[in-house]
Amino acid sequence: MELHPLRRRDAAEWSRIRVANEAWLSPWEPSHGIPWRERHTPAAYRAMRRAVLRRAGQGTSLPFAVRVEGRLAGQVTLDNIVRGALRSGFLGYWIDREAAGRGMASLAVALVCDHAFREVGLHRVEADIRPENEPSQRLVERLGFQREGLLRRYLDIDGDWRDHIAYALLAEDHPGGVLAHWQQRLSR
Ligand SMILES: CC(C)(COP(=O)(O)OP(=O)(O)OC[C@H]1O[C@@H](n2cnc3c(N)ncnc32)[C@H](O)[C@@H]1OP(=O)(O)O)[C@@H](O)C(=O)NCCC(=O)NCCS
């Protein structure tokens with residue numbers, strides 16, 4: 001599994017995967033009232049990439065593509081990064097259904113959290129997850145995120161305001177690192 005910045009040449013592959021994964025991804029994403037296919041053209045990828053690269057340049061986003069065995073298989077983004085006294089960011093992630101159920105998404109998120117705490121100097125990483133999204137809750141719990149509360153009708157997801165559970169991980173929660181914490185859990 002490899003993490004790297006979003007590449008311009010991945011537009012067609014991203015579009016193919018996102019269109020094929022509509023039923024798998026759409027319950028957990030904003031709809032903006034635009035049909036899925038129209039939002040997932042190669043041109044939409046290029047526009048999304050330009051927008052996240054702009055935010056990355058401003059220091060408010062850390063966008064990564066996830067590659068599994070050489071094939072594009074998902075994204076992990078730490079977005080809305082705030083510095084100052086808060087030093088926090090919000091996690092978003094998805095994995096191609098064909099690459100799911102193998103620990104690849106957990107590995108990718110663990111690496112991004114370690115990068116955020118160590119190289120970027122953040123103190124808190126938050127993940128807000130719909131109560132219905134059990135695989136995503138299992139992912140963050142596996143990495144040691146703690147449940148902090150229920151956010152009522154918090155995000156406009158899949159066409160309506162949806163409740164979300166707030167999960168967060170703090171830099172000091174795993175002094176040896178997030179990846180090491182998960183690996184220790186696996187070996188128990
Ligand atoms: C959320 C999401 C990324 C989780 O993906 P995932 O494939 O379940 O997560 P992982 O890659 O970490 O795989 C974990 C699963 O692989 C299994 N697994 C198999 N082999 C494994 C291995 N060698 N190492 C670790 N886990 C392994 C684990 O047991 C676990 O299964 P379980 O959750 O049923 O216990 C995925 O469901 C997804 O993309 N959903 C749609 C988008 C979405 O919901 N995004 C998040 C919005 S908040």
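Two residues are in contact if their C-beta atoms, placed from the backbone, lie within 7 Å. Helices (H or I, at least four residues) and strands (E, at least two) are DSSP runs, numbered from the N terminus. The structure is a predicted model, in which local features need pLDDT of at least 70 and side-chain atom pairs count only at pLDDT 80 or more, while totals for chains, interfaces and linings use all residues. Residue numbers start from 1 along each chain as its sequence is written.

**Overall fold**

- The protein chain contains seven helices and seven strands, arranged from the N terminus as β-α-α-α-α-β-β-β-α-β-α-β-β-α.
- The radius of gyration, taken over C-alpha atoms, is 16 Å, close to the 16 Å that the globule rule (2.2 Å times the number of residues to the power 0.38) gives for 188 residues, so the chain is as compact as a globular protein of that length.
- Along the principal axes, the C-alpha atoms of the protein chain fill a box of roughly 45 × 40 × 35 Å.
- Of the contacts in the protein chain with a separation of 6 or more, 61% are between residues 24 or more positions apart.
- A residue is buried if 20 or more other C-beta atoms lie within 10 Å of its own, exposed if 12 or fewer, and partly exposed in between, with C-beta atoms placed from the backbone; buried residues make up 29% of the 188 residues.

**Nonpolar core**

- A nonpolar core is a set of buried Ala, Val, Leu, Ile, Met, Phe, Trp, Tyr and Cys residues joined through C-beta atoms within 7 Å.
- The largest such core has 38 residues, and those with the most contacts inside it are Val109, Val112, Cys113, Ala116 and Leu143.
- Helix α5 supplies the largest share of this core, eight residues.
- Leaving aside residues up to four places away in sequence, Cys113 touches Val125, Leu143, Leu169 and Val178.

**Helix α1**

- Trp14, Ile17 and Arg18 are buried in helix α1 (residues 11-20).
- Viewed down the axis of α1, the buried residues fall within an arc of 95° (the arc of the directions from the helix axis to the C-beta atoms), so they line one face of the helix.
- These buried residues pack against α4 (42-57) and β3 (71-82).

**Helix α6**

- Ser136, Leu139 and Val140 are the buried residues of α6.
- Their arc, seen down the axis of α6, is within 90°, so they line one face of the helix.
- The packing partners of the buried residues of α6 are α5, β5 (124-129) and β7 (160-170).
- Exposed residues Glu134, Pro135, Arg138 and Glu141 lie on the face of α6 turned away from its buried side.

**Ligand surroundings**

- A residue is near a molecule if its C-beta atom, placed from the backbone, lies within 6 Å of it; of the 19 residues around the ligand, Ala100, Gly103, Ala105, Ser106 and Pro135 come nearest.
- Two or more residues of this shell come from each of α2 (22-25), β4 (88-95), α5 (104-118) and α6 (134-142).
- Helix α6 gives the most to the shell, with four residues.
- The shell divides into 12 nonpolar residues (Ala, Val, Leu, Ile, Met, Phe, Trp, Tyr, Cys and Pro), five polar (the others, Gly among them) and two charged (Asp, Glu, Lys and Arg).

**Glu148**

- Glu148 is found in strand β6 (residues 146-157) and is exposed, with 12 other C-beta atoms within 10 Å.
- Not counting residues up to four places away in sequence, Glu148 touches Ala166, Tyr167 and Ala168.
- The C-alpha atoms of Glu148 and Glu126, which are 22 residues apart along the chain, are separated by 9.7 Å.
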